Amino acid sequence: TIRIIHSFHPNSSRFILSPIMTLQSIRYECGELSILDQLLLPHETAYERIGCVEDGWKAIRSMKVRGAPAIAIVGCLSLAVELHKREFPDTPSLSSFIKAQLTHLTTARPTAVNMGKSAAILIKFVDSMVEQNVSHEEIKSRLAGKIERMLPDDISDNMKLSEHGAKHIMGRIGQDKVTILTHCNTGSLATAGYGTALGVVRSLHAAQHLREVYCTETRPYNQGSRLTAYELMHDHVPSTLIADSMVGLVMRTRGISAVVVGADRVTRNGDTANKIGTYQIAVLAQHHGIPFYVAAPITCHDGGRLDGESIVIEERPPHELTCVAGVQLAPKDMNCWNPAFDVTPNELITGGIITEHGVFTPHQLNDFHDK
(Lines give C-alpha, C1' and ligand atoms only; values in the text may rest on other atoms or scores of the structure.)
Protein backbone atom coordinates (compact mmCIF):
# COMPACT_ATOMS: atom_id res chain seq x y z
CA THR A 1 0.00 0.00 0.00
CA ILE A 2 1.31 3.46 -0.88
CA ARG A 3 1.25 6.68 1.05
CA ILE A 4 1.79 9.84 -0.97
CA ILE A 5 3.69 12.91 0.24
CA HIS A 6 2.53 16.14 -1.44
CA SER A 7 4.22 19.46 -1.92
CA PHE A 8 2.32 22.44 -3.27
CA HIS A 9 4.00 25.11 -5.35
CA PRO A 10 2.29 28.53 -5.43
CA ASN A 11 2.83 28.90 -9.18
CA SER A 12 1.54 25.41 -9.95
CA SER A 13 -2.02 24.08 -10.12
CA ARG A 14 -0.98 20.60 -8.98
CA PHE A 15 0.18 18.85 -5.85
CA ILE A 16 3.49 17.08 -6.55
CA LEU A 17 3.39 13.42 -5.52
CA SER A 18 6.07 11.05 -4.21
CA PRO A 19 5.41 7.62 -2.65
CA ILE A 20 6.37 6.17 0.74
CA MET A 21 4.86 3.29 2.68
CA THR A 22 1.83 3.64 4.96
CA LEU A 23 -0.58 1.38 6.83
CA GLN A 24 -1.52 -1.78 4.95
CA SER A 25 -4.94 -3.19 5.76
CA ILE A 26 -5.13 -5.63 2.81
CA ARG A 27 -2.32 -7.98 1.80
CA TYR A 28 -2.66 -9.96 -1.40
CA GLU A 29 -0.16 -11.81 -3.55
CA CYS A 30 -0.45 -14.79 -5.91
CA GLY A 31 -3.82 -15.99 -4.64
CA GLU A 32 -3.03 -15.43 -0.93
CA LEU A 33 -5.13 -12.88 0.97
CA SER A 34 -4.91 -11.58 4.52
CA ILE A 35 -6.55 -8.63 6.23
CA LEU A 36 -5.65 -6.51 9.23
CA ASP A 37 -8.19 -7.43 11.92
CA GLN A 38 -9.58 -4.00 12.76
CA LEU A 39 -11.53 -5.29 15.75
CA LEU A 40 -8.19 -5.66 17.57
CA LEU A 41 -6.94 -2.14 16.87
CA PRO A 42 -5.42 -0.06 18.36
CA HIS A 43 -4.12 -2.50 20.98
CA GLU A 44 -3.02 -5.33 18.70
CA THR A 45 -1.89 -5.45 15.08
CA ALA A 46 -2.71 -8.88 13.65
CA TYR A 47 -3.43 -10.15 10.15
CA GLU A 48 -6.02 -12.85 9.47
CA ARG A 49 -5.85 -15.16 6.47
CA ILE A 50 -8.87 -15.17 4.15
CA GLY A 51 -8.96 -18.57 2.47
CA CYS A 52 -12.35 -18.54 0.76
CA VAL A 53 -15.44 -16.47 0.02
CA GLU A 54 -17.10 -17.48 3.29
CA ASP A 55 -14.06 -16.20 5.20
CA GLY A 56 -14.39 -12.92 3.30
CA TRP A 57 -18.12 -12.68 4.05
CA LYS A 58 -17.55 -13.28 7.76
CA ALA A 59 -14.70 -10.76 7.94
CA ILE A 60 -16.89 -8.10 6.30
CA ARG A 61 -19.98 -8.90 8.36
CA SER A 62 -18.09 -8.87 11.67
CA MET A 63 -16.34 -5.61 10.66
CA LYS A 64 -12.85 -7.06 10.84
CA VAL A 65 -12.65 -5.23 7.53
CA ARG A 66 -14.88 -2.21 6.91
CA GLY A 67 -15.17 0.87 4.75
CA ALA A 68 -17.10 0.68 1.49
CA PRO A 69 -14.08 0.48 -0.88
CA ALA A 70 -12.29 -2.10 1.28
CA ILE A 71 -15.44 -4.21 1.60
CA ALA A 72 -15.66 -4.59 -2.17
CA ILE A 73 -11.94 -5.22 -2.61
CA VAL A 74 -11.72 -7.87 0.13
CA GLY A 75 -14.98 -9.50 -0.99
CA CYS A 76 -13.85 -9.77 -4.59
CA LEU A 77 -10.32 -10.85 -3.66
CA SER A 78 -11.79 -13.66 -1.53
CA LEU A 79 -13.38 -14.91 -4.75
CA ALA A 80 -10.04 -14.60 -6.56
CA VAL A 81 -8.49 -16.77 -3.82
CA GLU A 82 -11.06 -19.50 -4.49
CA LEU A 83 -10.59 -19.24 -8.24
CA HIS A 84 -6.86 -19.84 -7.80
CA LYS A 85 -7.52 -23.00 -5.77
CA ARG A 86 -10.59 -24.55 -7.41
CA GLU A 87 -10.96 -26.57 -10.57
CA PHE A 88 -14.15 -26.55 -12.62
CA PRO A 89 -15.19 -29.15 -15.20
CA ASP A 90 -16.84 -26.70 -17.59
CA THR A 91 -17.99 -23.12 -18.19
CA PRO A 92 -21.55 -23.47 -16.80
CA SER A 93 -20.31 -24.76 -13.44
CA LEU A 94 -17.71 -21.97 -13.22
CA SER A 95 -20.21 -19.26 -14.19
CA SER A 96 -22.79 -20.55 -11.72
CA PHE A 97 -20.22 -20.64 -8.90
CA ILE A 98 -19.00 -17.09 -9.58
CA LYS A 99 -22.50 -15.62 -9.64
CA ALA A 100 -23.59 -17.42 -6.47
CA GLN A 101 -20.50 -16.32 -4.54
CA LEU A 102 -20.72 -12.68 -5.66
CA THR A 103 -24.41 -12.57 -4.79
CA HIS A 104 -23.65 -13.99 -1.35
CA LEU A 105 -20.95 -11.38 -0.72
CA THR A 106 -23.39 -8.53 -1.35
CA THR A 107 -25.47 -9.62 1.67
CA ALA A 108 -22.69 -9.05 4.22
CA ARG A 109 -23.08 -5.24 4.51
CA PRO A 110 -25.96 -4.16 2.23
CA THR A 111 -25.82 -0.36 2.74
CA ALA A 112 -22.39 0.00 1.13
CA VAL A 113 -22.90 0.08 -2.64
CA ASN A 114 -19.36 -0.86 -3.71
CA MET A 115 -19.71 -4.62 -3.27
CA GLY A 116 -22.98 -4.73 -5.19
CA LYS A 117 -21.59 -2.61 -8.03
CA SER A 118 -18.43 -4.70 -8.25
CA ALA A 119 -20.47 -7.90 -8.27
CA ALA A 120 -22.64 -6.61 -11.14
CA ILE A 121 -19.57 -5.55 -13.14
CA LEU A 122 -17.84 -8.90 -12.66
CA ILE A 123 -20.96 -10.91 -13.51
CA LYS A 124 -21.39 -8.88 -16.71
CA PHE A 125 -17.70 -9.47 -17.50
CA VAL A 126 -18.14 -13.24 -17.10
CA ASP A 127 -21.35 -13.28 -19.17
CA SER A 128 -19.54 -11.45 -21.97
CA MET A 129 -16.78 -14.05 -22.05
CA VAL A 130 -19.30 -16.89 -21.98
CA GLU A 131 -21.05 -15.37 -25.03
CA GLN A 132 -17.67 -15.23 -26.80
CA ASN A 133 -17.09 -18.95 -26.05
CA VAL A 134 -13.98 -18.22 -24.01
CA SER A 135 -12.72 -21.38 -22.29
CA HIS A 136 -13.53 -21.79 -18.62
CA GLU A 137 -9.81 -21.79 -17.71
CA GLU A 138 -9.33 -18.51 -19.54
CA ILE A 139 -12.42 -17.04 -17.86
CA LYS A 140 -10.91 -17.93 -14.48
CA SER A 141 -7.61 -16.29 -15.37
CA ARG A 142 -9.10 -13.12 -16.80
CA LEU A 143 -11.56 -12.67 -13.94
CA ALA A 144 -8.86 -13.14 -11.30
CA GLY A 145 -6.72 -10.58 -13.09
CA LYS A 146 -9.56 -8.06 -13.24
CA ILE A 147 -10.21 -8.48 -9.51
CA GLU A 148 -6.53 -8.13 -8.63
CA ARG A 149 -6.37 -4.79 -10.46
CA MET A 150 -8.92 -3.38 -7.99
CA LEU A 151 -6.16 -2.78 -5.41
CA PRO A 152 -3.91 -0.42 -7.42
CA ASP A 153 -6.93 1.21 -9.08
CA ASP A 154 -8.42 2.13 -5.70
CA ILE A 155 -5.16 3.68 -4.51
CA SER A 156 -4.88 5.69 -7.71
CA ASP A 157 -8.47 6.94 -7.38
CA ASN A 158 -7.88 7.91 -3.75
CA MET A 159 -4.80 9.92 -4.70
CA LYS A 160 -6.68 11.85 -7.38
CA LEU A 161 -9.68 12.41 -5.10
CA SER A 162 -7.48 13.71 -2.30
CA GLU A 163 -5.70 16.14 -4.59
CA HIS A 164 -9.02 17.54 -5.85
CA GLY A 165 -10.44 17.83 -2.34
CA ALA A 166 -7.41 19.55 -0.83
CA LYS A 167 -7.20 22.08 -3.65
CA HIS A 168 -10.94 22.84 -3.47
CA ILE A 169 -10.88 23.38 0.29
CA MET A 170 -7.85 25.67 0.12
CA GLY A 171 -9.43 27.65 -2.71
CA ARG A 172 -12.69 28.06 -0.80
CA ILE A 173 -11.27 28.86 2.64
CA GLY A 174 -8.68 31.30 1.36
CA GLN A 175 -6.29 30.80 4.29
CA ASP A 176 -2.86 29.22 4.49
CA LYS A 177 -3.88 26.81 7.29
CA VAL A 178 -7.18 24.98 7.80
CA THR A 179 -8.76 23.01 10.63
CA ILE A 180 -10.79 19.98 9.55
CA LEU A 181 -13.40 17.90 11.35
CA THR A 182 -14.00 14.31 10.22
CA HIS A 183 -16.18 11.39 11.29
CA CYS A 184 -15.69 7.60 11.33
CA ASN A 185 -12.68 6.12 9.52
CA THR A 186 -11.99 6.85 5.86
CA GLY A 187 -8.26 6.24 5.57
CA SER A 188 -5.92 3.41 4.64
CA LEU A 189 -7.92 1.07 6.87
CA ALA A 190 -11.14 1.71 4.92
CA THR A 191 -9.65 1.48 1.42
CA ALA A 192 -6.83 -0.21 -0.48
CA GLY A 193 -4.60 2.62 0.73
CA TYR A 194 -4.33 6.37 1.43
CA GLY A 195 -8.04 6.95 1.98
CA THR A 196 -10.90 9.22 0.91
CA ALA A 197 -11.85 11.90 3.46
CA LEU A 198 -8.74 11.06 5.48
CA GLY A 199 -6.79 11.10 2.23
CA VAL A 200 -7.84 14.75 1.81
CA VAL A 201 -6.58 15.40 5.35
CA ARG A 202 -3.28 13.67 4.54
CA SER A 203 -2.88 15.79 1.40
CA LEU A 204 -3.51 19.01 3.33
CA HIS A 205 -1.06 17.97 6.03
CA ALA A 206 1.70 16.92 3.65
CA ALA A 207 1.32 20.22 1.76
CA GLN A 208 1.65 22.03 5.15
CA HIS A 209 -1.86 23.50 4.94
CA LEU A 210 -3.35 21.57 7.87
CA ARG A 211 -3.45 23.24 11.27
CA GLU A 212 -5.30 20.38 12.98
CA VAL A 213 -7.91 17.69 12.41
CA TYR A 214 -10.62 16.83 14.93
CA CYS A 215 -11.89 13.26 14.75
CA THR A 216 -15.03 12.02 16.49
CA GLU A 217 -14.99 8.81 18.51
CA THR A 218 -17.85 7.55 16.27
CA ARG A 219 -20.10 5.69 18.65
CA PRO A 220 -21.30 3.06 19.01
CA TYR A 221 -18.44 1.10 17.42
CA ASN A 222 -15.69 3.70 17.90
CA GLN A 223 -14.15 3.61 14.44
CA GLY A 224 -12.92 7.15 15.05
CA SER A 225 -11.22 6.59 18.39
CA ARG A 226 -9.93 3.10 17.53
CA LEU A 227 -9.00 3.51 13.86
CA THR A 228 -8.82 7.13 12.70
CA ALA A 229 -6.88 8.17 15.80
CA TYR A 230 -4.56 5.19 15.16
CA GLU A 231 -3.90 6.31 11.58
CA LEU A 232 -3.41 9.97 12.47
CA MET A 233 -0.89 9.15 15.18
CA HIS A 234 0.88 6.70 12.86
CA ASP A 235 1.32 9.49 10.30
CA HIS A 236 2.13 12.17 12.91
CA VAL A 237 -0.79 14.35 11.84
CA PRO A 238 -1.76 17.08 14.36
CA SER A 239 -5.08 15.81 15.66
CA THR A 240 -7.53 15.81 18.56
CA LEU A 241 -10.10 13.19 19.49
CA ILE A 242 -13.55 14.34 20.63
CA ALA A 243 -16.78 12.66 21.71
CA ASP A 244 -19.59 12.75 19.15
CA SER A 245 -21.63 14.97 21.46
CA MET A 246 -18.92 17.67 21.39
CA VAL A 247 -19.24 18.49 17.68
CA GLY A 248 -21.50 21.55 18.11
CA LEU A 249 -19.26 23.13 20.73
CA VAL A 250 -16.12 22.41 18.71
CA MET A 251 -17.66 24.13 15.69
CA ARG A 252 -18.58 27.17 17.75
CA THR A 253 -15.27 27.54 19.59
CA ARG A 254 -12.40 25.87 17.72
CA GLY A 255 -12.45 27.50 14.29
CA ILE A 256 -13.40 24.52 12.13
CA SER A 257 -12.73 25.43 8.49
CA ALA A 258 -14.55 22.50 6.87
CA VAL A 259 -16.05 19.09 7.57
CA VAL A 260 -14.88 16.20 5.37
CA VAL A 261 -16.54 12.78 5.69
CA GLY A 262 -16.80 9.69 3.53
CA ALA A 263 -19.81 7.82 2.13
CA ASP A 264 -20.88 4.22 1.65
CA ARG A 265 -23.42 5.19 -1.01
CA VAL A 266 -24.14 8.34 -3.02
CA THR A 267 -27.47 8.51 -4.84
CA ARG A 268 -28.19 10.23 -8.14
CA ASN A 269 -29.42 13.45 -6.50
CA GLY A 270 -26.41 13.65 -4.16
CA ASP A 271 -27.95 12.26 -0.97
CA THR A 272 -25.32 10.24 0.88
CA ALA A 273 -25.40 7.32 3.30
CA ASN A 274 -22.54 7.28 5.77
CA LYS A 275 -21.72 6.13 9.29
CA ILE A 276 -24.41 6.93 11.84
CA GLY A 277 -23.91 10.44 13.21
CA THR A 278 -22.98 12.03 9.88
CA TYR A 279 -26.42 13.57 9.40
CA GLN A 280 -26.36 15.45 12.69
CA ILE A 281 -22.85 16.76 11.93
CA ALA A 282 -24.12 18.08 8.58
CA VAL A 283 -27.01 19.87 10.32
CA LEU A 284 -24.61 21.46 12.81
CA ALA A 285 -22.22 22.47 10.01
CA GLN A 286 -25.02 24.26 8.16
CA HIS A 287 -26.06 26.09 11.35
CA HIS A 288 -22.48 27.29 11.89
CA GLY A 289 -21.86 28.15 8.24
CA ILE A 290 -19.11 25.55 7.84
CA PRO A 291 -18.63 23.88 4.41
CA PHE A 292 -19.58 20.20 4.54
CA TYR A 293 -17.79 17.89 2.08
CA VAL A 294 -18.36 14.23 1.22
CA ALA A 295 -15.35 12.38 -0.23
CA ALA A 296 -16.50 9.37 -2.24
CA PRO A 297 -14.90 7.74 -5.31
CA ILE A 298 -17.23 6.86 -8.16
CA THR A 299 -17.30 3.25 -6.94
CA CYS A 300 -19.46 4.55 -4.05
CA HIS A 301 -21.97 6.23 -6.38
CA ASP A 302 -25.33 4.61 -7.13
CA GLY A 303 -26.57 6.49 -10.19
CA GLY A 304 -29.54 4.15 -10.52
CA ARG A 305 -30.98 5.16 -7.14
CA LEU A 306 -32.76 8.51 -7.31
CA ASP A 307 -32.44 9.61 -3.68
CA GLY A 308 -31.56 8.48 -0.19
CA GLU A 309 -35.08 7.54 0.88
CA SER A 310 -34.78 4.07 -0.66
CA ILE A 311 -31.35 3.19 0.76
CA VAL A 312 -31.46 0.06 2.91
CA ILE A 313 -29.98 0.98 6.30
CA GLU A 314 -28.16 -1.88 7.98
CA GLU A 315 -28.99 -2.48 11.64
CA ARG A 316 -26.32 -3.94 13.88
CA PRO A 317 -26.60 -6.21 16.94
CA PRO A 318 -27.56 -4.54 20.26
CA HIS A 319 -24.34 -5.61 22.01
CA GLU A 320 -22.34 -3.22 19.81
CA LEU A 321 -24.28 -0.39 21.47
CA THR A 322 -24.55 -1.74 25.00
CA CYS A 323 -20.97 -3.01 25.36
CA VAL A 324 -17.50 -1.54 24.90
CA ALA A 325 -14.58 -3.99 24.58
CA GLY A 326 -16.79 -6.70 26.02
CA VAL A 327 -17.80 -4.67 29.06
CA GLN A 328 -21.58 -4.29 29.54
CA LEU A 329 -22.43 -0.61 30.07
CA ALA A 330 -26.22 -0.61 29.74
CA PRO A 331 -28.76 -2.57 31.77
CA LYS A 332 -29.10 -6.15 30.58
CA ASP A 333 -31.98 -6.74 28.12
CA MET A 334 -32.47 -3.00 27.55
CA ASN A 335 -34.28 -2.45 24.24
CA CYS A 336 -31.88 -1.05 21.59
CA TRP A 337 -32.07 0.46 18.13
CA ASN A 338 -28.68 0.36 16.41
CA PRO A 339 -28.69 1.59 12.79
CA ALA A 340 -25.17 1.59 11.35
CA PHE A 341 -25.76 4.44 8.90
CA ASP A 342 -27.84 7.55 8.32
CA VAL A 343 -28.61 9.57 5.19
CA THR A 344 -27.46 13.16 4.71
CA PRO A 345 -29.76 15.10 2.32
CA ASN A 346 -27.99 16.77 -0.58
CA GLU A 347 -28.89 20.31 0.53
CA LEU A 348 -26.65 19.88 3.57
CA ILE A 349 -23.59 19.01 1.45
CA THR A 350 -22.58 22.65 1.10
CA GLY A 351 -18.89 22.14 0.24
CA GLY A 352 -19.32 19.53 -2.45
CA ILE A 353 -18.92 15.86 -3.29
CA ILE A 354 -15.26 15.04 -3.84
CA THR A 355 -14.46 12.37 -6.43
CA GLU A 356 -11.42 11.30 -8.43
CA HIS A 357 -12.91 13.31 -11.32
CA GLY A 358 -13.24 16.55 -9.38
CA VAL A 359 -15.50 18.22 -6.82
CA PHE A 360 -19.20 18.44 -7.71
CA THR A 361 -22.30 20.05 -6.30
CA PRO A 362 -25.20 17.55 -6.07
CA HIS A 363 -26.73 19.12 -9.23
CA GLN A 364 -23.44 18.82 -11.12
CA LEU A 365 -23.12 15.23 -9.96
CA ASN A 366 -26.50 14.44 -11.49
CA ASP A 367 -25.26 15.88 -14.81
CA PHE A 368 -22.06 13.81 -14.48
CA HIS A 369 -24.04 10.56 -14.24
CA ASP A 370 -25.92 11.54 -17.42
CA LYS A 371 -22.69 11.72 -19.45
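Biologist: Hi! Which residues does Thr 216 touch, not counting residues up to four places away in sequence?

Modeller: Thr 216 touches Thr 182, His 183, Cys 184, Gly 224, Ser 225, Leu 241, Ile 242, Asp 244, Val 247 and Ile 281, leaving out residues up to four places away in sequence. Contact here means heavy atoms within 4.5 Å. This is a predicted model, where local features need pLDDT of at least 70 and side-chain atom pairs count only at pLDDT 80 or more, while totals for chains, interfaces and linings use all residues. Residues are numbered from 1 along each chain as its sequence is written, and side-chain values use heavy atoms, with hydrogens and water left out.

Biologist: Thanks! Is Thr 216 buried or exposed?

Modeller: Thr 216 has a relative accessible area of 0%, so it counts as buried. Buried means under 20% relative accessible area, exposed means over 50%, and partly exposed is in between, using a 1.4 Å probe and protein chains only.

Biologist: And which side chain makes a polar contact with the side chain of Thr 216?

Modeller: That is His 183, at 2.6 Å. A polar contact is a pair of N or O atoms within 3.5 Å; within protein, one must be able to donate a hydrogen and the other to accept it, and residues adjacent in sequence count only if both atoms are side-chain atoms.

Biologist: Where is Thr 216 found?

Modeller: Thr 216 belongs to strand E7, residues 210-216. Helices (H or I, at least four residues) and strands (E, at least two) are DSSP runs, numbered from the N terminus.

Biologist: Let's switch to helices. At what angle do H1 and H2 pack?

Modeller: About 165 degrees, with the axes of H1 (residues 53-61) and H2 (residues 68-85) 8 Å apart. Axes are lines fitted to C-alpha atoms, for helices over the stretch in contact, and angles run from 0 to 180 degrees between N-to-C directions. H1 and H2 are therefore roughly antiparallel to each other. For the wording, angles under 35 degrees count as roughly parallel, over 145 as roughly antiparallel, 65 to 115 as roughly perpendicular and the rest as oblique.

Biologist: Who makes the contact there?

Modeller: On H1, Val 53, Glu 54, Gly 56 and Ile 60; on H2, Ile 71, Gly 75, Ser 78, Leu 79 and Glu 82. By class, these residues are 4 nonpolar, 3 polar and 2 charged. Ala, Val, Leu, Ile, Met, Phe, Trp, Tyr, Cys and Pro count as nonpolar, Asp, Glu, Lys and Arg as charged, and the others, Gly among them, as polar.

Biologist: What about H3 and H5: how do they cross?

Modeller: The axes of H3 (residues 91-105) and H5 (residues 136-148) come within 9 Å and cross at roughly 30 degrees. H3 and H5 are therefore roughly parallel. In this contact, Thr 91, Leu 94 and Ile 98 of H3 meet His 136, Ile 139, Lys 140 and Leu 143 of H5.

Biologist: Is the crossing of H3 and H5 left-handed or right-handed?

Modeller: Right-handed. A crossing is left-handed if the near helix is turned anticlockwise from the far one by less than a right angle, and right-handed if clockwise.

Biologist: New topic: which bond is cis, with omega near 5 degrees?

Modeller: The peptide bond from Leu 41 to Pro 42; Pro 42 is in the loop between E4 and E5. A cis peptide bond also joins Arg 219 and Pro 220, with omega about 10 degrees. Pro 220 sits in the loop between E7 and helix H8 (223-234).

Biologist: Back to that E4–E5 loop, where Gln 38 lies. How many residues apart along the chain are Gln 38 and Tyr 194?

Modeller: They are 156 residues apart, and their C-alpha atoms are separated by 16 Å. Gln 38 counts as buried because its relative accessibility is 1%.

Biologist: What is the phi of Tyr 194?

Modeller: Positive, at about 80 degrees, although Tyr 194 is not a glycine. Tyr 194 counts as buried, at 0% relative accessibility.

Biologist: Last one: is Ala 325 buried or exposed?

Modeller: Exposed, because its relative accessibility is 80%. Ala 325 also has a positive phi, near 50 degrees, and is found in the loop between strand E14 (323-324) and strand E15 (327-328).
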